[in-house]
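Please read the following account alongside the sequence and the model. It moves from the aromatic rings to the core, and then to the chain as a whole.

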Amino acid sequence: MAKRCLICGNLNGVDEVSTHRFPANVELRRQWVMFVQNNGVDAQQIFASSKLCSRHFVPGHDFGGIAYRRRLADGAVPSVVSITYFDYCIEKKSVNPVPTAFIPMYLL
């Protein structure tokens, strides 16, 4: 089975994306689950094998290392919300292609 992000579907190893398992620590896991739920994923869709991709973390703050061996920092919590082409088109009522943007959650 492919290592795919639960929120955006990004694959591990494609376009310098890495995927990360939910933490075992109860408090950190709760924060990850809240982030995922705030991004439209039902809690019942979260399994032991679920993962989030590196695009939901702040580079240099939450993780380091090279793309093929990226490690999350201890206590890292996802905070970057991705805005997809589909979301942008609905908001702007546009059909012109735009690049995917990533915005830290605290800026929304």
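Rings of Phe, Tyr and Trp (its six-membered ring) count as a pair if their centres lie within 6.5 Å; the pair is stacked if the planes are under 30 degrees apart, edge-to-face if over 60, and tilted otherwise. By this criterion the structure holds two aromatic pairs. One of them joins tryptophan 32 and phenylalanine 57, with 5.3 Å centre to centre and 55° between the planes, and is tilted. The pair links distant parts of the chain, 25 residues apart: tryptophan 32 belongs to helix H1, while phenylalanine 57 sits in the loop between S2 and S3. Phe22, Trp32 and Phe57 together form one aromatic cluster.

The model is predicted: local features need pLDDT of at least 70 and side-chain atom pairs count only at pLDDT 80 or more, whereas totals for chains, interfaces and linings use all residues. Residues are numbered from 1 along each chain as its sequence is written, and side-chain values use heavy atoms, with hydrogens and water left out.

Tryptophan 32 counts as buried at 2% relative accessibility, and phenylalanine 57 is buried with a relative accessible area of 1%.

These residues also belong to the nonpolar core, a term for a set of buried Ala, Val, Leu, Ile, Met, Phe, Trp, Tyr and Cys residues joined through side-chain atoms within 4.5 Å. The largest such core has 15 residues, and those with the most contacts inside it are Phe22, Trp32, Val36, Ile46, Leu52 and Phe57. H1 and S2 each supply at least two residues of this core; the largest share, four residues, comes from H1. Contact means heavy atoms within 4.5 Å. Not counting residues up to four places away in sequence, isoleucine 46 touches Leu6, Phe22, Arg29, Val33 and Val36.

Two loop residues come next. Proline 23 is found in the loop between strand S1 (19–21) and helix H1 (26–38). Proline 23 is buried, at a relative accessible area of 17%, and is in contact with Leu28, Arg29 and Trp32, leaving aside neighbours within four places in sequence. Its C-alpha atom is separated by 8.9 Å from that of glycine 75, 52 residues apart along the chain. Aspartate 62 lies in the loop between strand S2 (51–53) and strand S3 (63–64). Aspartate 62 is buried too, with a relative accessible area of 5%. Beyond its neighbours within four places in sequence, aspartate 62 is in contact with Phe57, Arg71, Leu72, Ala73, Ala76, Val77 and Ser79.

Threonine 19 is found in strand S1 and counts as buried at 12% relative accessibility. Setting aside residues up to four places away in sequence, threonine 19 touches several residues, including Lys3, Cys5, Asn10, Lys51, Leu52 and Cys53.

The chain as a whole remains. Helices (H or I, at least four residues) and strands (E, at least two) are DSSP runs, numbered from the N terminus. The protein chain has two helices and six strands, in the sequence pattern β-α-β-β-β-β-α-β. Of its 108 residues, 31% count as buried. Among contacts between residues at least 6 apart in sequence, 52% join residues at least 24 apart. The Shrake-Rupley method with a 1.4 Å probe supplies the accessible areas; for residues, only the protein chains shown count as cover. The protein chain exposes about 7,300 Å², of which carbon and sulfur atoms supply 55%.

Definitions and conventions:
Buried means under 20% relative accessible area, exposed over 50%, partly exposed in between (1.4 Å probe, protein chains only).
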